[in-house]
Amino acid sequence: MKKLLIATTITLTASGFLSGCSDQFLVRVPLGTYNPAATQNAQGVESLLTGAYGQLDGIPVPGSEWQGAVSNWVFGGITSDDAYKGTDAGDQPEQTALERYVWVTTNQHVRGKWGALYNGVARANSVLQALAQAPDVPAARRSQIAAEARLLRGFFHLEAKKMWNNIPYIDDKTYNAQDGNSTKVPNTDNAWPKIEADFQAAIDSLPEQFSGEPGRATKWSAIGMLAKAKMFQAFDPYTGAPNTAALQAAKVLLDRIIASGRFSLVDQYGYNFSAAPANRNNRESIFEVQYSVTAAADGGGGAGDDLAWPYNSGPGGCCGFYQPSQNLVNAFKTNANGLPLITTFNEVDVTNDEGIASNQPFTPYPGTLDPRLDHTVGRRGIPYKDWGIHAGKDWIRDQAYAGPYSPIKHIPEKAYSGTSAGNIKRSGNNYRYLRYDHVLLWAAEVETEIGSLEKARDYVNQVRKRAANPAGFVKTSDGKAAANYVIGLYTAPWTDKATARSAVRFEERLEFGMEGTRFFDLVRWGIAEPTLNTYLAKERLKRTFLNGAQFKKNQNEYYPIPQQEIINSTANGQFTLTQNPGY
């Protein structure tokens, strides 16, 4: 890890940081290079803290933004049944290898993610170290700064734990920016207790809100983070067996958020993917990574998603990555009562325009659909936010290779797209990392396993009721629904745990499709192998590049530790880091 951590010391205060509106704290960009002595005062500590927040976007170095993107579209999206890599066969072959589960220890995308996350860990630790040497920080603010830094450190370690499971946990007592040898921490201990301790410390010391400063961690975001950590321990990732202790701990935290009354679902589902200022940091948001457009070269938010835009004449004009799968589109079909077809959804495809030129006639699928589909997937003949009607083939790089669909959730409205350095793809469309709908559906999981099936049904119905609001349907220019949207509530009591579990998990797929969570959800539920191999068995009939692809149980649940990081961990002639099983 020596090279990584030395590089981190160079970039702590020289990197460009994310920002929100002009009056928000994240706009205050520290200047100069990292000098520990110069940061041992109130101003220096606050600058370092801004830098730690700045790493939330996951951008390690310019030119490899997508490797560390906080949206996890590479590692949580294209490795799941939600999406293909997209574009064409020759573009970014390392992503194709990930999509096919040919995971090797030298994949530079995997190493880029490692670098982005441990860069964040280093920044958070530098805050804590400088704070200890800064006598002019007022006592009340000192406590808050420490709590913010610990929440951020917990966040970066949690994201690493999702990726690799066996990770080194590096704290401010261990981390030394000047001496890489002191940071060679083994990855053989379970990091969860230390991650949880960071979140608990944040809960104990953070205020419920920072007035006028959206984006800062609060007590409620810390509670939500700790609940997320518990949910990632709630099932055995290899067998799916429930962990009652973790579920009970998660229930206490989730119930606390729900009972607080501080959060609620926004009226329209699409507001959560809108760059309009009124829709960012809304009442549903618990923790949001702040993006903005800046005047700096290559500045602005969303850099990690630059590749994941429609191609050619479509918005952004590049690059055609992260194309939704037919399997995901099929999941949004509903029956006459507006309920999902949980077991049969993939038997018949939603009509698509593959092979049909954009100047040739095409009629979109006439059947009943969940309205969240067209907030999740861009498809021919349907409005694509305010960019106009999706043109189909002209917006796709290679339909035969990666299908006819485009991503849409992270795309800002045309009215709010960026102009930084001529890059229209940069925007202020924040990444909503933790929302109230996450809380409701995690609570539904918990109630299904150790509580009340009827309470689980109620939580799911709250989410579905919001999705059913006609005001939130995608509409054509004449104000009519763009497709045959039919969505209903679960009206019959839930009496069977297995049926309820399937309904809750299917709802999570629909609610969070194309948000980079799907692969990690399948792993934490312990159902990745059967789900993904079933998906591959049919999807390879459409996408020939998936021929021979297979998810390998007891291996592909977690990514390989980057080989170069293992080499860098050498101390006294021995590797400190241990490779994950199967690599």
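Is Cys-318 buried, partly exposed or exposed, and what is its relative accessible area? Cys-318 is partly exposed, at 25% relative accessible area, where buried means under 20%, exposed over 50% and partly exposed in between, computed with a 1.4 Å probe on protein chains only. The model is predicted, so local features need pLDDT of at least 70 and side-chain atom pairs count only at pLDDT 80 or more, while totals for chains, interfaces and linings use all residues. Residues are numbered from 1 along each chain as its sequence is written, and side-chain values use heavy atoms, with hydrogens and water left out.

Cys-318 forms a disulfide with Cys-319, their sulfur atoms lying 1.6 Å apart, and a search of the whole structure finds 1 disulfide (a pair of cysteine sulfur atoms within 2.5 Å). The torsion about the S-S bond is about 75 degrees, so this disulfide is right-handed. Cys-319, at 9% relative accessibility, counts as buried.

Helix H6 covers residues 108-132; helices (H or I, at least four residues) and strands (E, at least two) are DSSP runs numbered from the N terminus. Because 21 of its 25 residues are buried, H6 is largely enclosed by the rest of the structure.

Trp-220 and Phe-263 form an edge-to-face pair, 6.3 Å centre to centre with 75 degrees between the planes. Trp-220 lies in helix H9 and Phe-263 in the loop between helix H10 and strand E2, so the pair ties together parts that are 43 residues apart in sequence. Trp-220 is buried at 6%, and Phe-263 is buried at 13%.

Phe-519 and Phe-520 are also edge-to-face, 5.7 Å centre to centre and at 80 degrees; Phe-519 is buried at 0% and Phe-520 at 3%. Ring pairs link both into a cluster with Phe-75, Tyr-101, Trp-103, Phe-551 and Tyr-559. Lys-162 lies over the face of Phe-520, 4.6 Å from the ring centre, a charge over a ring requiring NZ of Lys or CZ of Arg within 6 Å of the ring centre and within 35 degrees of the ring normal.

Key
Expected span 1.5 Å × (residues − 1). Phe/Tyr/Trp six-rings, centres within 6.5 Å; stacked < 30°, edge-to-face > 60°.
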